[in-house]
Amino acid sequence: MNSGAPFQSVGVIGGGAWGTALASLCAANGVETTLWAREDAVIRAINERHENTEFLPGVPLPAGLKAAQTLGMAATSEAILFVVPAQYARPVFADLRDATHGAATPVALCSKGIEQSTGMMMTEVLGAVWPEAQPAVLSGPSFARDVAMGLPTAVTLAAADPGLGARWMATIGAPHFRPYLSDDLTGAELGGAVKNVLAIAAGVVQGRGLGESARAALIARGFAEFQRLGVALGAKKETMAGLSGLGDLILTASSPQSRNMSLGIELGKGRTLSDILGERKTVSEGVATAGAIHALAEKAGVEAPVCEAVAALVSGAKSVDEIIAALMARPLKSET
C-alpha cells in the first residue's frame with residue numbers, strides 16, 4: 001500500500017474522552033489540531049492545563065492541542081475527525097457544511113451508532129446532510145484512556161478511496177496506535193453499532209450473576225446475529241471477523257470499563273435505566289441503537305433475538321427475567 005501524506009491540520013468535533021484521545025494522537029504527530037467542545041470547562045482545562053478534567057482526567061495532553069467553542073475554528077481544518085454521539089450528529093453535520101460552505105472535506109466518522117429516528121448509519125446521515133464531504137470510518141477495539149496513555153491499540157480505518165485512507169493512516173498512526181485499511185465502510189460502521197447493543201446484553205448477564213459460560217454463549221450468538229445482518233446489508237465477512245467487528249465486540253462485551261457493558265451490569269442488578277443514565281455524564285450509544293438495529297434486522301428479514309431482547313429491555317417493554325426466560329425457551333436448532 002502506498003503511504004499517504006498526513007493532513008496538515010485536523011479539526012476534532014466532540015470533546016469527550018474519545019475525541020480528546022484522537023486529538024491527542026494527531027497533535028502528538030505534529031498535526032495542527034483544534035478540538036471543538038461544547039463545555040466551557042473542557043475548553044479551559046485543555047487550553048490552560050493541557051488536560052480534559054471532565055472526561056479524561058489525569059491524562060496529560062500535548063501542549064500543541066488547542067480547544068475551541070466556535071465550530072468554525074475547527075471546521076477550517078484540512079480534515080475532520082467527527083466524534084459527536086450518533087443521535088446528535090445530524091444538526092452538527094449541517095453546521096459543519098455551512099461553516100465550510102459545502103466543501104469536499106475529508107470526514108472520518110468515529111461515532112458508533114445508528115440514528116434512532118431514521119435507522120440510518122452515520123455515512124448515510126453525512127451523505128444526506130453534507131453530500132460533498134469525503135467519508136471514512138474509524139472503528140475498532142479502543143478505549144479512549146488506553147489510546148491517550150499510549151497503550152498498544154489496533155483499529156480499522158475504512159475508506160472507499162485508498163488514497164484518502166492512506167492519508168488518514170499517516171495522520172493518526174503512531175507506534176502504539178495501528179490502523180488497518182479497509183474499503184468496507186458498511187462493515188466497519190455496523191460492527192461499531194451492533195457491539196454496543198451486545199455489550200449491554202453481556203453486562204446484564206454479568207449483573208444478574210448468570211456466569212461466564214452464559215456470557216461467552218451470548219457473545220458468540222450475538223456475533224452470529226451481527227454476521228447475518230452484515231451479510232444482508234452488504235458488509236464483508238472479513239470485516240465482521242476483524243478489528244471493527246469481532247475485535248470491538250470482545251473488548252466492549254468483556255470489560256466493565258465499557259460504558260455499554262457497565263450499563264448492562266446495572267440493569268442486570270435490577271436498577272432502572274433512568275436512574276443509571278441520570279448518574280452519567282457520558283453517552284451509552286447502545287441504548288438508542290438497540291431499537292434501530294432491531295428495526296434494521298426486521299426490515300432485512302434477519303433473525304436477531306439478542307438485539308431484539310435488548311431493544312425490549314431498554315424500551316421498558318420487558319423485564320430482565322422475562323427476556324432471559326424467552327431466550328432460553330427458544331426452539332432448539334442447528335448452530336449454522
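This is a predicted model: local features need pLDDT of at least 70, side-chain atom pairs count only at pLDDT 80 or more; totals for chains, interfaces and linings use all residues.
Residues are numbered from 1 along each chain as its sequence is written, and side-chain values use heavy atoms, without hydrogens or water. Local features need pLDDT of at least 70 and side-chain atom pairs count only at pLDDT 80 or more, while totals for chains, interfaces and linings use all residues.

Start at strand β4, residues 79–82. Strands here are DSSP runs of E with at least two residues; helices are runs of H or I with at least four; both are numbered from the N terminus. Both faces of β4 are covered. A79 and L81 lie on one side, I80 and F82 on the other, and all are buried. Buried means under 20% relative accessible area, exposed means over 50%, and partly exposed is in between (1.4 Å probe, protein chains only).

Next, the partners of β4. Two strands pair if DSSP finds at least two bridges between them. β1 and β4 pair in the parallel sense over 4 bridges. There, G11 has I80 as its bridge partner. β4 and β5 also run parallel, joined by 3 bridges. Together β4, α4 and β5 form a right-handed β-α-β unit. Right-handed means that, with the strands pointing away from the viewer, the path from the first strand over the helix to the second runs clockwise.

Now the aromatic rings. The model holds 3 aromatic pairs. Rings of Phe, Tyr and Trp (its six-membered ring) pair if their centres lie within 6.5 Å; planes under 30 degrees apart are stacked, over 60 edge-to-face, the rest tilted. The ring centres of F7 and W168 are 4.9 Å apart and the planes stand at 65°, so this pair is edge-to-face. It links distant parts of the chain: F7 sits in the segment before β1 (9–13), W168 in helix α7 (residues 162–172), 161 residues apart. Both F7 and W168 are buried.

Two histidines have positive phi. H50, with phi near 55°, lies in the loop between α2 (40–49) and β3 (66–68). H50 is partly exposed because its relative accessibility is 27%. H101, with phi of about 60°, lies in the loop between α4 (89–100) and β5 (106–109). At 75% relative accessibility, H101 counts as exposed.

Last, the annotation. An unreviewed UniProt entry places "domain: Glycerol-3-phosphate dehydrogenase NAD-dependent C-terminal" at residues 184–324. UniProt positions follow the numbering used here, feature names are shortened, and annotations may be inferred rather than shown by experiment. Over residues 184–324 the chain is 76% helix and 0% strand. The end C-alpha atoms are 34 Å apart.
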